[in-house]
Amino acid sequence: MIKVRVSGEEDREKLIACANGAFGDSIPESGFPGLLPKLYGPEARVGGNHLIAEEDGTFLGIVLAEPMEYRILGERLRIAGVGTVSVDGQARGRGIMRLLMDETVKRLKEEKYAFAFLGGQRQRYAYWGFEGCGTEMRFSWNQANLKHGVQLPESERIELVPMGTSSGEGVGLKETDTGLTEAAWRMWQKEAVAVERDRERFFSILCSWQGKPYACMRQGRFVGYVVLSREEGRDSAGILELVLEEGVSVTALLRALADCLGILQGTLKPGYARQDMLRELEEICEGESLGCGHRFLILDWCLVLRAMMALKQSSHPLEDGEAILRIRDGRTEGIWIQVREGCLRVAEETERKPAATEEGGKEPVQVEFTASQAARMLFRSTQVHYKELEGLPGSWFPLPLYVGEQDCC
């Protein structure tokens, strides 16, 4: 008989073996401990964050739902990263994945998460309501972009210093310079939009997805950090995460990649909140593209809309207007939105104040969506024209839903 239960710390080796076996050659030789040390490294906890399907003590499949807290300006959202969706080769075709995902989504709803997110095939996860949305801005750059630009004075040049050394155990980097890591963690804590990270896990988070973290030093002083994904011997790299002190330019960092590491080209995907960085990259980079960040399952529409509208308003003033969005997802959830003279209100429809319409003399615009339509139309940057949004202020949507690469599972 198949039983579904929550993982304990004693399940570590079986969890890793199940995940390694399911993903096979698509992961590094070091397996999941090397790919995701934050989740499966020697110091990572595995109790309570996986669901396990087992039969007579044999693991048939596992699903991770990692709890996180996402701070967005003054709002705190409880979110979950879903991943390591693994089914043993001998158990495929028995509905194990469906059983585990059904139970995972049920628990996320019962425990009142704001949203969950994952990567993976659209059709596979759309069944549970995960929709490709969010906004990911991807920039590509090369040293030719910088060659004819403004030359940096010596005082602004950056030196890159590794924040760890090889552990010799095949599981990525080992924290050896706690001073640099401490400085990087403290800088992360000051980010206005970010997933909360424990100090104890911070370095392993940076090293996940085969990331290599470097401190950015200017005249011997710590001014930021960068996490790189780079194949050995290549002159290109993906920048997985970049956090710089105010006043330190991305141009200086890109020049340092060439001077210190021989990296001449690469990609970077900064979050929406880093408007100064986005503007600078737009001016110097070879090109940019918009895409979907991940596959999101919105569980608390009111909370997520309020947080994301406040984030957008922090850099793009929202037009005055009033609307009621009705979102069908098993039941219909009505969300009241009002913007008046810079004041934003987002609440359940039942909390709407009648005086809001009496003052303006107009009834609010009313729009109805399915949950999947709402996710795409409200949180996805696209050239598609949605007639359903006609009548709503054009500055309201799409909203900048985004979670950084190193926080993915």
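Q: Buried means under 20% relative accessible area, exposed over 50%, partly exposed in between (1.4 Å probe, protein chains only). Before we use that, where do the residue numbers start, and what kind of model is this?

A: Residues are numbered from 1 along each chain as its sequence is written, and side-chain values use heavy atoms, without hydrogens or water. The model is predicted: local features need pLDDT of at least 70 and side-chain atom pairs count only at pLDDT 80 or more, while totals for chains, interfaces and linings use all residues.

Q: What follows helix 8?

A: Trp209 does, and its phi is positive, near 60°.

Q: Good. And how do I read helix 13, and which of its residues are buried?

A: Helix 13 has Ala371, Ala374, Ala375, Met377, Leu378 and Phe379 buried. To see what covers them, look for strand 6 (131-133), strand 17 (294-298), helix 11, strand 18 (321-329) and strand 21 (365-370), which are among the covering elements.

Q: How do I spot contact between two helices? Which residues of helix 9 meet helix 10?

A: Contact means heavy atoms within 4.5 Å. On the helix 9 side, find Val250, Thr251 and Leu254. On the helix 10 side, their partners are Met277, Glu280, Leu281 and Ile284.

Q: What does Phe115 touch?

A: Leaving aside residues up to four places away in sequence, Phe115 touches Tyr70, Leu77, Arg78, Ile79 and Ala80, then Phe296, Leu297, Ile298 and Leu299, and also Val304, Leu401 and Val403. Elsewhere, a second, separate core of 30 residues includes Tyr214, Val226, Val250 and Ile284.

Q: Aromatic rings next! How many aromatic pairs does the structure hold?

A: Rings of Phe, Tyr and Trp (its six-membered ring) pair if their centres lie within 6.5 Å; planes under 30 degrees apart count as stacked, over 60 as edge-to-face and the rest as tilted. The structure holds eleven such pairs. Take Phe23 and Phe32: with 5.3 Å centre to centre and 65° between the planes, this pair is edge-to-face. Phe23 is partly exposed, at a relative accessible area of 32%, whereas Phe32 is buried, at 3%.

Q: Why is the pair of Trp396 and Phe397 edge-to-face?

A: Their ring centres lie 6.2 Å apart and their planes stand at 80°, so the pair is edge-to-face. Trp396 is buried, with 0% relative accessibility, and Phe397 is buried too, with a relative accessible area of 10%.

Q: Which residues do ring pairs link into a cluster?

A: Look for Tyr70, Phe115, Phe117 and Phe296, which ring pairs join into a cluster. You have met two of these already: Tyr70 and Phe115 are among the residues that touch the most other members of the largest core.

Key. Helices (H or I, at least four residues) and strands (E, at least two) are DSSP runs, numbered from the N terminus. A nonpolar core is a set of buried Ala, Val, Leu, Ile, Met, Phe, Trp, Tyr and Cys residues joined through side-chain atoms within 4.5 Å.
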